[in-house]
Amino acid sequence: MRYIASQTERPIRIVALSTSLSNARDISQWLGCAPTHTFNFHPSVRPLPLELHIQGYNISHNASRLATMSKPTYNAILKLSPEKPAIIFVPGRKQAKLTAFDLLTYAAAEESPDRFLLIPKSELMSVFEKVEDDTLRETLSQGVAFLHEGTSATDRHIITTLFKSMAIQVLVATRTMCWTLSFHSHLVVIMDTQNYNGKIHAYEDYAITDVLRMIGRASRPLEDDDGKYLKNYCFNGTFRIFVVEFG
């Protein structure tokens, strides 16, 4: 558009709106906006105030750290969102299934196996029969769903419908799904802030834009008075600075 304007010698005005960004200044310069015409809004102007909880773990081994986070995540759901929907973001597909089963195991240990199922199971049996993934069908029947990039379109539609209709309470999703989810929740939990990069054969930090997108899922303006966000992270690496930025 700027090139066309320069060729036609007719000035144009660009009004750009965006979700949360970590490089807003770079984008404004790319659009040709003057510093006085770039506006960065404070978190206090969110549709709903956000309640932030940060919990650190001094465990360097990734799998052990994630296993340690399961119980605090379960407790966070019971404390911060006992009857409202919760989305849990995990690094990968395998962890999504493990976390879903961990939550159900803790619920069964407290003799409340259907704690996260908000509608009588008998009313949803016809829906559960349409689920293609056998493992997903098992967790869904107890109110916990897991969603990743390999989930079929049919199963994804069923999960979305059940979660939006408040039939199930908990959704465990991989970190990349934060960009494709079309719904929000009262509570968002980020289990760990590192993922494995096969190209460099090492764990690397989440991009700040991904974390901001995950945080943005904790907002239901027409249904809640506030949103809650819990981030579990590791003490090592660069996360000390990261927490200061969001603290």
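**View 1. Just after helix α7, Met-166 takes a positive phi of about 60 degrees.** This is a predicted model, in which local features need pLDDT of at least 70 and side-chain atom pairs count only at pLDDT 80 or more, while totals for chains, interfaces and linings use all residues. Residues are numbered from 1 along each chain as its sequence is written, and side-chain values use heavy atoms, with hydrogens and water left out. Helices (H or I, at least four residues) and strands (E, at least two) are DSSP runs, numbered from the N terminus.

**View 2. Helix α7 covers residues 153-164.** The expected span of a helix is 1.5 Å times one less than its number of residues. For the 12 residues of α7 this gives 16 Å, and the end C-alpha atoms are 16 Å apart, so the two agree. Turn to the side chains and you will find Asp-155, Ile-158, Ile-159, Thr-160, Leu-162 and Phe-163 buried (under 20% relative accessible area, with exposed over 50% and partly exposed in between; 1.4 Å probe, protein chains only). The buried residues of α7 pack against strands β2 (86-90), β3 (144-147) and β4 (170-174), and against helices α5 (125-128) and α6 (134-140).

**View 3. Tyr-74 and Tyr-106 form one of the four aromatic pairs in the structure.** Rings of Phe, Tyr and Trp (its six-membered ring) pair if their centres lie within 6.5 Å; planes under 30 degrees apart count as stacked, over 60 as edge-to-face and the rest as tilted. Here the ring centres are 5.7 Å apart and the planes stand at 45 degrees, so the pair is tilted. The pair links distant parts of the chain, with Tyr-74 in helix α3 (residues 62-80) and Tyr-106 in helix α4 (residues 93-109), 32 residues apart. Tyr-74 is buried at 0% relative accessible area, whereas Tyr-106 is partly exposed at 23%. Together with Phe-116, Tyr-74 and Tyr-106 make up one aromatic cluster.

**View 4. Phe-163 and Phe-183 form a tilted aromatic pair.** Their rings are 5.0 Å centre to centre, with 40 degrees between the planes. Because Phe-163 lies in helix α7 and Phe-183 in the loop between β4 and β5 (187-191), the pair ties together parts that are 20 residues apart in sequence. Phe-163 is buried at 3% relative accessibility, and Phe-183 is buried at 5%.

**View 5. Asn-62 lies in helix α3.** Asn-62 is buried, with a relative accessible area of 11%. Setting aside neighbours within four places in sequence, Asn-62 is in contact with Asp-192, Gln-194 and Tyr-203 (contact means heavy atoms within 4.5 Å).
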